[in-house]
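Morning, everyone. Please bring the model up on your screens. I'll start with a question once it is there.

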Amino acid sequence: MVLLAGCVATGSAFAWLSAQVASSARGRMYSLADAPSAPVVIVPGARVRDGKPGGFLRGRLDVAVSLVRDGRARAVLVSGDAAGRSGNEITAMIDYLVEHGVDRDRIVADPYGLDTFDTAQRALRTFGVREATIATQRFHLSRAVALCLRAGIDATGVVAGGQARPVSQVRSHLREWVLSRPKAFLELRFPRDPAVSTPPDDTLAEILAAH
């Protein structure tokens, strides 16, 4: 009985934390068909396999391709770990976008987007992003939008498709609810500096001015 009560209490605590993180993103998440225009679409990194984007990452990149093609985004900021455990997320993302018709001169790379918080903070601090769409899977989207808003970006989110192996899906959902949401709860209230700070980069502003 005590164990059951403990499990219920723990589950309730995680649910409350998740709701707190997601609350600021309400009304700011869209399907691809309904997504509003924004100057930039941010694509957070995810696992790559043999130098190619995995299922989740392909889904995010496909959103970016569609938004650029439809004229609802003028530039893409790919933000991930260039030295990730599964491979170079940045190179895989750029190659995929170019292969699917996005001009290379519309893509800006942040190789130090080591987690979602850092992606959001560096988008503003390093690349000067003030308004953006962020593309990721539904389970991750409200946290990503909330962290962008906290960074000072007028952010909306677009639900990305993309299938991963069942074990990867289970792992990603568990990590989101058990680790990432509680971490984001603290980051929203006690923001920190990103793990890597670099000088301001005007490349994105130059792209937007040209397009």
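What does a side-chain oxygen of Asn-88 reach at the start of helix 3? The backbone nitrogen of Ile-90, to within 3.0 Å. Helices here are DSSP runs of H or I, at least four residues; strands are E, at least two; both are numbered from the N terminus.

Ground rules, briefly. This is a predicted model, where local features need pLDDT of at least 70, side-chain atom pairs count only at pLDDT 80 or more, and totals for chains, interfaces and linings use all residues. Residues are numbered from 1 along each chain as its sequence is written, and side-chain values use heavy atoms, with hydrogens and water left out.

Stay with helix 3, residues 89-99. Its buried residues are Glu-89, Ile-90, Ala-92, Met-93, Ile-94, Tyr-96 and Leu-97. Buried means under 20% relative accessible area, with a 1.4 Å probe and protein chains only. Their cover includes strand 2, helix 2 (55-69) and strand 6 (107-110). After the helix comes Gly-101, with a positive phi near 100 degrees.

Next, His-140, in helix 5, residues 138-151. Is His-140 buried or exposed? It counts as buried because its relative accessibility is 5%. Its side chain makes a polar contact of 2.9 Å with that of Thr-116. A polar contact is a pair of N or O atoms within 3.5 Å; within protein, one must be able to donate a hydrogen and the other to accept it, and residues adjacent in sequence count only if both atoms are side-chain atoms.

Technical notes:
Buried < 20%, exposed > 50% of the residue type's maximum accessible area, 1.4 Å probe, protein only. Contact = heavy atoms within 4.5 Å.
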